[in-house]
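Subject: Structure handover and notes

Dear colleague,

Please find the structure below, with my notes after it.

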Amino acid sequence: MNYLTEIRLFYEWLETHHLAPSSITLWHALMYTANRSGWAEQIAIPISILESRTQMTRSTIYRSREQLVDRGLIGVEVRGSSYSAVYKIFSLEETLLSQYVWQNVSQSETQSGAQIESHENPASRNGTRSGD
């Protein structure tokens with residue numbers, strides 16, 4: 001993951017999606033922690049670390065975390081009260097790239113289907129039937 005690219009894409013994503021300010025703060029704390037971990041695929045983060053980095057209460061962190069999960073920005077595995085939750089941060093670059101590729105493939109298939117149909121019956125383009 002590229003830290004600066006993810007931050008840029010996050011703010012572009014925010015232009016069309018709403019997040020509470022506390023969720024934005026938590027996202028930044030999670031990204032910072034992921035960067036410090038060397039971008040481990042999953043990271044266990046004690047709630048005390050998140051409280052310190054965000055200056056938020058546990059209940060606010062839990063609420064913000066749920067919003068980030070609901071928006072598809074992170075995944076969380078809660079392992080009980082005596083263990084740290086395990087976080088997975090989803091790359092916006094990878095997510096947006098796969099959406100872009102999927103959208104282009106779908107558009108190409110739609111256009112190809114239209115072109116095949118018009119090539120099968122060339123007269124359909126000008127409103128006349130073959131043989132007239």
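Arginine 8 has a relative accessibility of 45% and therefore counts as partly exposed; the term covers values between the limits for buried (under 20% relative accessible area) and exposed (over 50%), with a 1.4 Å probe and protein chains only. Its salt-bridge partner is glutamate 12, with the closest N and O atoms 2.9 Å apart. A salt bridge here is a side-chain nitrogen of Lys or Arg within 4 Å of a carboxyl oxygen of Asp or Glu. Glutamate 12 is likewise counted as partly exposed because its relative accessibility is 38%. Both residues belong to helix α1 and lie four residues apart, about one turn of the helix. Helices (H or I, at least four residues) and strands (E, at least two) are DSSP runs, numbered from the N terminus.

This is a predicted model, in which local features need pLDDT of at least 70 and side-chain atom pairs count only at pLDDT 80 or more, while totals for chains, interfaces and linings use all residues. Residues are numbered from 1 along each chain as its sequence is written, and side-chain values use heavy atoms, with hydrogens and water left out.

By the salt-bridge rule the count is three. Lysine 88 and glutamate 41 form one of them, at 3.6 Å from N to O. This pair links distant parts of the chain, 47 residues apart: lysine 88 is in strand β3, and glutamate 41 is in the loop between α2 and β1. Lysine 88 has a relative accessible area of 27% and so is partly exposed, whereas glutamate 41, at 60%, counts as exposed. Glutamate 51 and arginine 58 also form a salt bridge, and their closest N and O atoms are 3.1 Å apart. Glutamate 51 is partly exposed at 23%, as is arginine 58 at 41%.

Leucine 73 is in contact (heavy atoms within 4.5 Å) with Phe10, Trp13, Leu19, Trp27, Leu68, Lys88, Ile89, Phe90 and Leu92, leaving aside neighbours within four places in sequence. Lys88 in that list is the residue that pairs with glutamate 41.

Two further residues are worth a note. Glutamine 67 sits in helix α4 (residues 58-70) and counts as buried because its relative accessibility is 16%. With neighbours within four places in sequence set aside, glutamine 67 contacts His18, Leu19, Ala20 and Ser23.

Tyrosine 32 is in helix α2 and is partly exposed, with a relative accessible area of 34%. Outside the four neighbouring places in sequence, tyrosine 32 contacts Tyr3 and Arg53. The C-alpha atoms of tyrosine 32 and arginine 53 are 9.3 Å apart, and the two residues are separated by 21 residues along the chain. The side chains of tyrosine 32 and arginine 36 are joined by a polar contact of 2.9 Å. A polar contact is a pair of N or O atoms within 3.5 Å; within protein, one must be able to donate a hydrogen and the other to accept it, and residues adjacent in sequence count only if both atoms are side-chain atoms.

Regards
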